[in-house]
Structures are given as C-alpha cells and as structure tokens.
Amino acid sequence: MRKKRQSITVILILLCISFIVYFFFPQVSCTLSSFNKRAVWLTYSDLAKFSYESKKAFINDFEEAIDNVEKYKNNTVIVQVRPFADALYQSQIFPISKVITQRSSLSFDPLEEMVKIAHDHGLSIEAWINPYRISLNKTTYQQFIQLSPKSSWLEDTSKSIGYATFKYILNPASQDVRDYIVAGVKEIVENYEVDGIHFDDYFYVDGTHTGTTQNQRLDNVNVLIQDVYQSIKAINQNVTFGISPQGNYQNCINEGADVDTWLKEEGFIDYLMPQIYWSDQYGTDGKTKMFTNRTKQFAGLKRRDDVILYAGLALYRAGEEADVDQGWQATSDNLSQQIQILYQNKYQGYSLFNYSSLLKRTGQKEMDELIRAHPYN
C-alpha cells in the first residue's frame with residue numbers, strides 16, 4: 001500500500017511539473033522555413049489590375065507583384081488562370097478572359113510570361129482553375145454567351161445549372177462537362193511549365209443541389225477529380241494536383257467535395273488546402289477557438305502518407321470588423337498565432353488569400369508580425 005501511495009505521489013508531481021512547463025514556459029516558435037509551401041493566391045480580381053496593353057507592361061506589373069510576394073518570404077504563387085470557363089493564356093479550348101484583360105484577344109501569353117518570371121525568381125507557380133463556374137454576374141454571364149464555344153450549354157440543363165440571376169455552373173453530372181474540364185487541364189500541363197494545377201472550393205454551390213442526393217454529388221465530383229489527377233500524371237508526374245476546399249468540413253461534404261476520399265484513397269490529389277478563414281476569437285463572446293478547432297479537425301482526418309496538408313489563411317480579413325469573429329479587428333497577430341498552430345498540427349504549408357491584401361496596411365501589419373515572430377532561417 002505504501003508503494004502504491006508513493007507511485008501516485010510521483011505521478012501527481014510529474015503532472016504538476018508538466019502543467020507548469022506547458023502553461024508558464026513559452027513553446028518554441030516555428031520558423032517560416034518549417035513550411036515547404038508559403039504561397040499567395042493571385043485572384044482574377046488581382047490579375048485584372050495588371051496592364052494587358054503590351055507584353056512589356058504586363059511583365060513590369062507581374063515583376064512588381066513577385067517582388068511583393070517575395071518580401072514576405074513566400075515561395076509559391078497560385079494564379080487564377082481560369083475563373084469563368086475562360087483563360088488567361090492562349091487556349092484552343094477556352095476564350096481569353098475578357099473579365100481579367102478587358103480584351104477579346106492578346107498579342108502575348110500572360111501565363112507563359114508568369115511562369116518564366118516566377119521561375120526566374122526561384123518561385124513555384126501553380127495554375128488555379130475554377131472547374132465548374134460559368135458566371136456570377138451579368139458581366140461574366142455575357143462573356144460566356146458572347147465568347148465561349150459552349151455558350152449553347154446554358155440552354156441545356158444536363159450541361160449547366162442556373163441557381164440565381166446570371167449565376168451558372170457547369171453540371172458536374174455531365175460526362176461532356178468532365179471531358180471539357182479535363183481537356184483544359186491537359187492543355188495547360190502540356191504547354192506550360194507550371195508546377196501544379198490547383199482547384200478552389202467551387203463545386204456544387206448552394207442552390208445547385210436540386211434533384212441530387214449528397215452521395216450523387218460526391219460521386220460526380222470524384223469522377224472528375226480522378227480523371228484530372230490521372231491526366232496530369234500521364235503527362236508529367238512532377239506536376240502536383242491540389243484542392244483548396246472550404247474550411248467547414250460539413251459544407252465540403254454537402255457540396256460534393258469528398259475530402260475524406262481525396263485524403264485517404266490513391267489517385268485523387270497530392271495535397272489538400274482547406275480554407276481556414278476564422279480567428280481564435282470567434283463568436284459573440286469571442287471565446288471560441290474556431291481556427292484551432294477547424295485546423296485540428298482536418299488534421300485528424302485519415303490521410304495517406306503521400307498526401308500533404310496545407311492551410312488557406314485569411315489575410316484579407318486583417319482589420320475586419322465582424323461581431324461574430326472579433327480577432328481580426330482586435331489584434332494584428334492572428335496569422336502569427338495561426339502559423340504556430342499549423343506547425344503544431346503538422347501542416348506543411350499555407351497560402352495567403354489574397355495578393356491585394358499584401359498591399360493594404362492592415363494586411364502588412366499582420367505580415368510584419370508574422371515575419372517578426374517566425375523569421376525565415
């Protein structure tokens with residue numbers, strides 16, 4: 001009995017020591033070099049601010065963007081080259097993106113120049129494709145009607161789904177649609193030295209579920225994801241394929257983003273990058289650690305050893321006033337704290353949404369603190 005009491009005493013002492021060390025001694029901070037991907041998303045809105053009057057003007061603008069990206073020790077750019085069934089490159093399949101360039105034709109190839117510049121700077125570059133989205137407003141709707149070779153698909157519900165005024169997606173259930181998307185991916189991988197193909201979170205968006213079950217939506221999207229993966233690897237094994245779904249797991253499953261299958265089954269993706277766009281001062285009382293909770297949830301999903309986990313971070317929310325997510329206004333060290341949380345949960349990188357936020361004072365304050373707390377070694 002005496003030995004048993006001694007053992008219990010020793011255990012209690014060790015627990016007390018562990019408690020003191022955990023709560024009163026700072027944890028070792030990670031460095032930026034701990035992450036193999038430090039990326040920035042350049043959205044179609046970011047890219048629309050560049051000049052397309054000449055190749056020289058475009059190169060100057062993109063060089064400046066790369067300088068801003070490198071300032072904060074990022075090593076990857078993810079450029080949105082197909083936001084609305086269009087192309088920011090010379091395509092034989094999709095029309096040039098008038099939404100971005102304000103032109104129906106170009107005398108040069110923007111993606112070709114972006115790849116060259118990124119690689120000259122030692123950065124990786126991934127081509128970001130929105131696979132299903134046709135339009136979000138009148139401008140993008142008219143672009144598809146006027147320029148797309150598939151404009152007749154808007155009249156065919158087996159090929160497209162309308163869910164609000166001027167809002168349409170390509171129908172994921174259609175084999176013709178899947179073939180069209182895959183052909184576009186192959187065109188990029190065959191003709192440009194991109195380091196990766198990147199899909200975002202736009203699958204069966206809210207309002208497009210009518211007439212389908214959850215399992216049907218998951219199955220329809222999975223067929224495409226497998227086809228894309230196999231097509232990429234058949235051309236170049238070194239080109240990665242990654243997806244950045246919503247940071248809300250249940251929303252992913254509901255809208256056809258089968259993150260469980262993608263993570264644990266062979267032949268779907270090389271990496272997953274959930275968009276974890278909350279702070280740890282969430283809720284009306286500011287006490288819900290939403291970022292930490294969602295980070296741990298995705299880290300806890302069953303995953304193949306060769307599938308990498310990254311996180312999308314909400315730089316655009318820096319300084320934002322939001323009653324239900326107070327951290328963004330309350331402090332300027334949200335990203336700094338989040339980087340540490342990612343490191344503790346074995347994420348291997350992140351991407352910042354979005355480039356324009358690097359140019360805003362609120363975003364720069366977050367990034368300056370991130371660099372200070374987690375210097376690049």
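Predicted model: local features only at pLDDT ≥ 70, side-chain atom pairs only at ≥ 80, totals over all residues.
**Exercise 1.** Work out how helix 7 (residues 175-191) is oriented relative to helix 8 (residues 214-235), and which classes of residue form their contact.

*Solution.* Begin with the axes, which come within 9 Å of each other and cross at roughly 25°. Angles under 35 degrees count as roughly parallel, and therefore helix 7 is roughly parallel to helix 8. The crossing of these two helices is right-handed. Turning to the residues, helix 7 contributes, among others, Ile181, Val182 and Val185, while the residues that helix 8 brings to the contact include Val223, Leu224 and Val228. Sorted by class, the contact of helix 7 with helix 8 has nine nonpolar, three polar and four charged residues.

**Exercise 2.** Describe in the same way the packing of helix 11 (residues 290-299) and helix 13 (residues 334-344).

*Solution.* The axes of helix 11 and helix 13 lie 10 Å apart, and the angle between them is about 25°, so the two helices are roughly parallel to each other. Their crossing is right-handed. In helix 11, Phe291, Thr292 and Thr295 meet Gln338, Ile341 and Leu342 of helix 13, a contact with three nonpolar, three polar and no charged residues.

**Exercise 3.** Find how many cavities of 30 Å³ or more the whole structure holds, and describe the lining of the largest cavity.

*Solution.* A search of the whole structure finds one such cavity, and the volume of the largest cavity is about 40 Å³. Its lining is made up of Asp201, Phe203, Pro245, Gln246, Asn251, Cys252, Glu255 and Ala257, which divide into four nonpolar, two polar and two charged residues.

Terms used: Residues numbered from 1 in each chain as written. Heavy atoms only, no water. Axes fitted to C-alpha atoms, helices over the stretch in contact; angles between N-to-C directions. Helix = DSSP H or I, 4+ residues; strand = E, 2+ residues; numbered from the N terminus. Parallel < 35°, antiparallel > 145°, perpendicular 65-115°, else oblique. Left-handed = near helix turned anticlockwise from the far one by under 90°. Contact = heavy atoms within 4.5 Å. Nonpolar A, V, L, I, M, F, W, Y, C, P; charged D, E, K, R; others polar. 1 Å grid on protein atoms, 1.4 Å probe; cavity = no way out; pocket = protein on both sides within 12 Å on 5 of 7 lines; lining within 4 Å. Points joined across faces, edges and corners; volume = space filled by probe spheres on them.
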